[in-house]
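Good morning, everyone, and thank you for making the time. I would like to walk through some charged side-chain contacts, and then one further residue, so please keep the structure in view as I speak.

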Amino acid sequence: MRRLILFTVLFALGCKSKSDPGANAEQFRRQEVSPQFPSAAVLHEPDGTGELRYLGMDVEPVSPERGSVVTITHYFSTVRPLVGSYDVFVHGDLPGGGGRALVADHAPVAGRVPTNTWKAGDIWADPHRVAIPEDVGTGTLELFVGLYKGKARMSVEAPTGGSDGRNRIRAATIRLGGKSPVDDLPTTTVARATGPITIDGKLDEATWKQAQILTTEDTLGQGQAIRFGTKLRLLYDDDNLYVAFENVDHDVTERYRQRDDPIYEHETVELFLMPNVTAPALGPYVELQSSPGGVIFDASFDGRRIGMNTKFDAGQTIATTIDGTLNDPAPDRGWTVEWKVPFTNIRGVKAAPKPGDEWRMNAFRIEKYRKDGKVLGEYSAWSPPRIGDFHNVVRFGRMKFGS
């Protein structure tokens, strides 16, 4: 899948130079603690040697403003000394599996006292400062905590609900203050088809004229001119969602041949559907793609890049037509793809939507072209994610079903 870009903002709370790791270390030692958000989680080293108790965290202010800096203090108690030196990770996740809003990985205790020097019975305070992103569209953030070394995490043992099953402690849920970001998500209304549609990639049925024409812009939302235009049309009936992309392309090329090949690495069109979810809420979603030659890729997700399942099969019927030639240097004009997607094959959909129902949706186009002997890429979107990740689900727009 495309590279995920996460922005981490972390301010360590230290005191003196790291050239003296023990300098003022005692200021972080505690005899007893009463955290604002207590925890009963236990962390075990992968080989079972060492064991820590995570006693909980303090958050100051407890309801930070969007765009402000919050001080988080974790409290760890050593049961059995650790062999390894571990770092702390903190993930701020959006509710409902909406993905990660912040990452604050750091060396514990301001880097003064490595975990493999902690003695049995020690209680250490680990304060650090984290910037809350300004564009968090939800009113809460769920904070997950754990220890890791390289790619390995310490295992987590916790009461029911105290972890997420992926060795992350469910440490706290904080409420965010300040104004919510302006909701500028695009909206489209999907018309009902008035007649049958033959999937042949030609779009010559009269009912296609009823569909709104959606266009794409640069994925970063910076207003850059698009060299290769894209038109998207959507229709529906009692059984299916119909999708059509018309793509300007002066050199239509295909790299892959098999179903679920990584066609997202070359020329493709993509539709993301989050059924039965109204913005700003988030939920599971599916990703549907087609290449110029009609190669299909589809996958389902529990949340933003969580639980990716490439065995998911949307059962769509696809046909493409090329105005030119495929994988031939002769100048082309473009390609069209037409889909029929059965509603009941879409994850989380038990019946066709009714007029007035609303889903979340986004659409993308990847175009590869040559310039000065180099292969370049143009990436465009109906609702620009504004970061280098098509799976920025908070930017999915609104898709309403019309009458």
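Before I name any residue, let me say that buried means under 20% relative accessible area, exposed means over 50%, and partly exposed is whatever lies in between, with a 1.4 Å probe and protein chains only. What you see is a predicted model, in which local features need pLDDT of at least 70 and side-chain atom pairs count only at pLDDT 80 or more, while totals for chains, interfaces and linings use all residues. Residues are numbered from 1 along each chain as its sequence is written, and side-chain values use heavy atoms, with hydrogens and water left out.

How many salt bridges does a search of the whole structure find? Taking a salt bridge as a side-chain nitrogen of Lys or Arg within 4 Å of a carboxyl oxygen of Asp or Glu, the search finds 21.

One of these joins R304 to D389, with the closest N and O atoms 3.1 Å apart. This pair links distant parts of the chain, since R304 sits in the loop between β20 and β21 and D389 in the loop between β24 (374-381) and β25 (397-401), 85 residues apart.

Let me turn to R259 and D313, whose side chains meet in a salt bridge at 2.9 Å, N to O. Here again distant parts of the chain are linked, with R259 in the loop between β17 (240-248) and β18 (268-274), and D313 in the loop between β20 (296-301) and β21 (317-323), 54 residues apart. R259 counts as partly exposed because its relative accessibility is 39%, and D313 is likewise partly exposed, at 44%.

A further salt bridge brings together the side chains of E367 and R365, at 3.0 Å from N to O. E367 is buried, with a relative accessible area of 1%, and R365 also counts as buried, at 1% relative accessibility.

Finally, V113 lies in the loop between β7 (100-103) and β8 (123-131), and its relative accessible area of 9% makes V113 buried. V113 and Q27 are 86 residues apart in sequence, and their C-alpha atoms are 11 Å apart in space.

Terms used: Helix = DSSP H or I, 4+ residues; strand = E, 2+ residues; numbered from the N terminus.
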